[in-house]
Amino acid sequence: MTKKSKGGKEDKTAIETKSKSVSGKSQKQKKPVEKEEELIQESGTDSDYDGDSLSGSLNSDDFDSDIFESEDDVTQGGTEEDGGDGESSQDELLDHEGSIDSEDGDDGSEQIDSDNIEEEDGSDEASDRDEAVEESDSSEDEVAPRNTVGDVPLNWYKDEKHIGYDITGKKITKKERQDKLDSFLASMDDSKNWRKIIDDYNDEEVELTKEESKMVRRLLKGQAPHADFDPYADYVDWFKWTDAIHPLSSAPEPKRRFIPSIWEAKKVVKLVRRIRMGLIKVKKPEEEPEEGPVPYLLWDALTSDQKNKHLTYIPPPKLKLPGHEESYNPSLEYIPTEEEKASYELMFEEDRPKLIPTRFTCLRSIPAYENALKESFERCLDLYLCPRIRKKRINIDPESLKPKLPSRKDLRPYPNSCYLEYKGHTGAVTSISTDSSGQWIASGSTDGSVRIWEVETGRCLKVWQFDEAIKFVAWNPLSSLPVLAIAMGRDLFFLNTELGNDEEQEVIKEMFHSGNIPEPEASVAAIVTWLSDELYGGIKIRHFKNISSIDWHRKGDYLSTVMASGETRGVVLHQLSKKKTQRLPFKIRGLPVCTLFHPSLSYIFVATRKDVRVYNLLKTGLATKKLETGMREISSMAIHPGGDNLIVGSKEGKMCWFDMDLSSKPYKTLKNHPKDITNVAVHRSYPLFASCSEDSTAYVFHGKVYNDLNQNPLIVPLEILRGHSIKGGVLDCKFHPRQPWLFTAGADSIIKLYCH
């Protein structure tokens, strides 16, 4: 072994002196060394060995071939001075190589005579050993000393300061462990701290290498430790079948293979006796059912007792016996004349006789019967389809089958009579809308005028005149923002109603200032254009298609616009405060009819002609729910204030109630109107909803939704409101926000208020 340190020669002389002392020992002293060597081999590559309390260590790495090649000089020098004594084992020599590390320190002799040193100097020895390892270039010196506790339960030393004893009987002190705070800080500072584990037997912290961590992962997955191991290797047939000269076994067949077994015969006799005594029960083989249906007599399936009772048994229908008409030689009075035969052709097939009598002179001239096969088939049908059991009829009162509904008196208040009429429009009133306070109502007509009425008095407060027919009007839901949205043709107007206080008017004027309109985005530039309305001082949004419906968001800043002919671009959202327009973040399937915002969540309901889809505005993608109406074409919809129930009206006079927590199909389908339903409405606070139709009527219903999910909603029809002219019908209906009142707008240019 070559040394780069200054004390290389001294190390060599120390090894020679140690080898001489080892050769003089007796054979009895070799036995504990051999036992120690067996313990080292059992513990594997990570086992420890401390010899005579020296600072050197011994493990499986010390037996590598490259180490022995580098230590040839030391081992040869030791054997020459021993005088050729070959009985000294190499393990004993390696056991005392730790003296090399001790001599590299300040005082080697003090470390050899360590029996007189106290246990408290364990920390000083550890520091000396670390310095010796740093100074030495040998591969053995780089390995830290390890504990040699052996196969001893560690719980014996749980409450002690030491972890065991070495070979010389000296206590091995425990190392100080980090507390939880220090270990947490170390894990945050060191990214490789998760690889460090505590070796309890050696009382040291070991860092796993990448190869070891990969091996652990493979073991946890139930795979082989080494990646290059193939558990499904191809089978190698090592036997040479073609070149075999001699058979595998040429022994003759034994005689017992040709003679019946005596012991088997005795066993069979024993089993037969137990079966005869009844101790063993043999299962009878089950009969396999025949393939195909088992034929049976259809009319003889009932027992004779049932036939005798004559209560439920019906005998099979009997064939009609042949009469004079079926005779081959009937009397002359039964043979019809030519006029009678012509009259048979004019009769219905049911009244026409099935057989016309014909006369034959002899049996040989009688032909085969034409309807023989047909009558046989009809006979089989009579036997098959005729009832065979008489069922008793249960007398049930039809009134008892009707559901028990509460009395209408118990469901008051609800609108039942016309209290006030608002007259002033010259054309059909197409849309109405009430403000959040319930004091004012706005209406739009085909004459191009928009009017604001006082609800309690019927006084017309304000009038705006436009060139086109008004399609839709909607009041902003915020009381602090009295803005009215008006849809006509391709234009959407936002008008200031001037009903708020001075502060609210200043906010509205600042919002409607024309200089605050930004440039539209490229994705919506071809769909809408924001303009200023110089005539009434508002804002105008021009769309690329005609507007059919609008709806305000509950916060009063967003407004949805529906263009029925816009297809995938038919629904857009406008933000009034920022004067910004954006498309929906999902693709609409079908032609849109109308939209609704959820009263409390960020959902939007988009109704196409046949379905209603619910989309989440915060997520892009498919619809969260699809409601199947089963109608021909949807005309309108309204949502319950709770948000879990939806009412959909159609152009075939049907109205569907959806309980979205229950199913995606209608809970109830109401067929009341004979003509198209124009609009449906739900009251904000009272359990009321209504529908209006082109038949000039409005139906009022009681619809109560319970907090108990196990109880279905209660739907009771209350009143049919009439009063509008038959021509055109009722085009719109809205509830008062606070009172149980209903407003209806008719094609006769009159708005009616119905109260309780």
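Buried means under 20% relative accessible area, exposed over 50%, and partly exposed in between (1.4 Å probe, protein chains only). This is a predicted model, so local features need pLDDT of at least 70, side-chain atom pairs count only at pLDDT 80 or more, and totals for chains, interfaces and linings use all residues. Residues are numbered from 1 along each chain as its sequence is written, and side-chain values use heavy atoms, leaving out hydrogens and water.

Let's start with charge pairs. Side chains of opposite charge can pair when their charged atoms come close. The structure holds 12 salt bridges (a side-chain nitrogen of Lys or Arg within 4 Å of a carboxyl oxygen of Asp or Glu). One of them joins Asp491 and Arg542, with the closest N and O atoms 2.9 Å apart. Those two sit 51 residues apart, Asp491 in strand β12 and Arg542 in strand β14 (strands are DSSP E runs of at least two residues, helices H or I runs of at least four, numbered from the N terminus). Asp491 is buried at 8%, while Arg542 is partly exposed at 34%.

Now for Thr581, which is found in strand β18 and is buried at 5%. Its side chain has a polar contact of 2.7 Å with the side chain of Trp530 and another of 2.9 Å with that of His574. For a polar contact, take a pair of N or O atoms within 3.5 Å; within protein, one must be able to donate a hydrogen and the other to accept it, and residues adjacent in sequence count only if both atoms are side-chain atoms.
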